Amino acid sequence: MRGNKRLIQGMTAAGAAGVIACTVAFSQPQIMRTEETIQITENQTSGVMAVLNQDDQQGDGFQKFSIEKLEADRVSAAAPASVPNLFTGERAEEMNGQDAVLPEEMIADEDSAAADTQEKESEKEEDTQKENNKEKDTQDKNKEKKEKAKAEKKAKEAKKAAAKEIKQAETAKQWKNKLMADVDDYLNIRKASNENSGVAGKLRKGDVAKVIKKGREWTKIKSGSVTGYVKNEYCVYGAKAQKLAKKICKIYATVQADGLRIRKNASENAIALDAAFEGDKLLVCTKAKKKDGWVTVKVNSLKGYVAEEFVKVGLGTGQAISIEEERALIEAQRKAEQMASVRSVSSSSASSSSAGTAAASSSSVSSSDLTLLSAIIFCEAGGESYAGQVAVGAVVMNRVKSGSFPNSISSVVYQNGQFSPVANGALARALSNGNYRHCTSAAQAALAGSDNTGGAKFFHRVNGAAGLVIGNHVFY
């Protein structure tokens, strides 16, 4: 029984110690209740001890011990098995006089704070993801834009390359049956395929001929008005002829429409320097910077621009000249030199006297005719040499004398569709501002019967066609 007493005492002391330790984690009312429980336990323990002592005396201790033990177990069960987050020292003192926070509430607060932090982090991650998506969309759009621009550029280059290939193929086809004389001056065109045959004409440097039949030593050709034979050893054919033409010939823009404006700048709104008409050939400035849709040309000493869609750009090759045409040209040049010599010696008073003589030689000529002829010469050849001015006047007079045209200077000049300065207003401006006066001498010479064109009734800018070339015009 003594062993049992010691066991009960140990159990009772341990239970009491556990209850005392638990009081630290509870609120003030709980502590008070716990203290009461401890007091009751101590009293009951004393009762148990007394009963045990009595049992030793009475011999019936086991049954009473069991009853008292159940009471002790109930007291022990009233206290929590374990108490986490115990406070000691300063924290215990801080808790004194305050409502203690239950563990469940502390956990709930911590869970709420953790949830808030997690929510904020989630929102932050969502914002970051949105920014990343936005940046990615911008990058994708920029990439798509660049790829589109690259594709357009590539397509444009491909189209340009294809057009170039087509043009080269067409050019190669055009030159397939062509030849040029690879000489410093000219190559004689013989009437027959031997060196003793007479000369039909000359294939000058820059002239192109069509191959009719190529033999072992001689080739039969046609160029301009000349048909004959040339020695093969002095000629180049096909692609080689084209290469030579690019080397020695200038490039011209042949006008494809009447009244084409030559602009000061590459713009439709730019000032018009001059007007060109169908068939006119304008010298292309090959060294000028290219402007999209425009061709840079030379107008007298100025640089101008014409719309690319209204011209055809190509090499300014020539054609052979016949012996008869060459003789007429030489004669025209001789007369032009004579005229220039007379003009340089004559004084202004002599010019007035010459005008009177010219008027006397033709009763049909009046001062108005002289003025009109001077003005049309100015408009057509104001920037040409004196010989070129006389030649234009001679064409007008040749038409007057011909039965195929009107029989007066005024009627010839104003005949519908004949002189472009009439159509574009240049003649009217010249008559009003008097700029034609420096062409009066050439007009007087033409009125006096001077004709260095050989009776020509037409002229146009040099374009490689057959005719008598004086300055920048071909007369025929």
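Colleagues, a word on the source. This is a predicted model, in which local features need pLDDT of at least 70 and side-chain atom pairs count only at pLDDT 80 or more, while totals for chains, interfaces and linings use all residues. Residues are numbered from 1 along each chain as its sequence is written, and side-chain values use heavy atoms, with hydrogens and water left out.

The protein has 14 helices and 18 strands; these are DSSP runs numbered from the N terminus, helices being H or I of at least four residues and strands E of at least two. Of its 476 residues, 32% are buried, that is, under 20% relative accessible area with a 1.4 Å probe and protein chains only. Among contacts with a separation of 6 or more, 60% join residues 24 or more positions apart.

I turn to the cores. A nonpolar core is a set of buried Ala, Val, Leu, Ile, Met, Phe, Trp, Tyr and Cys residues joined through side-chain atoms within 4.5 Å. The largest has 33 residues, and Ile-376 is one of those with the most contacts inside it, as are Leu-373, Ile-377, Val-396, Ile-409, Val-413 and Phe-475. At least two residues of this core come from each of helix H9 (367-381), H10, helix H11 (409-413), H14 and strand S17 (468-470). H10 gives the most, with 9 residues. A second, separate core of 14 residues includes Leu-179, Leu-203, Val-226 and Cys-235.

How do H10 and H14 pack? The axes of H10 (residues 386-401) and H14 (residues 440-447) lie 8 Å apart at an angle of about 45 degrees, axes being lines fitted to C-alpha atoms over the stretch in contact, with angles from 0 to 180 degrees between N-to-C directions. The two helices are therefore oblique to each other, a class left over once angles under 35, over 145 and from 65 to 115 degrees are set aside.

From H10, Tyr-386, Gln-389, Val-390, Gly-393, Ala-394 and Met-397 meet Ser-441, Ala-442, Ala-445, Ala-446 and Leu-447 of H14.

Finally, consider Val-390, in helix H10. Val-390 counts as buried because its relative accessibility is 2%. Beyond four places in sequence, Val-390 is in contact with Ala-442, Ala-445, Ala-446, Ser-450 and Asn-452. Val-390 and Ala-446 are 56 residues apart in sequence, yet 6.0 Å apart in space, C-alpha to C-alpha.

Conventions:
Contact = heavy atoms within 4.5 Å. Buried < 20%, exposed > 50% of the residue type's maximum accessible area, 1.4 Å probe, protein only.
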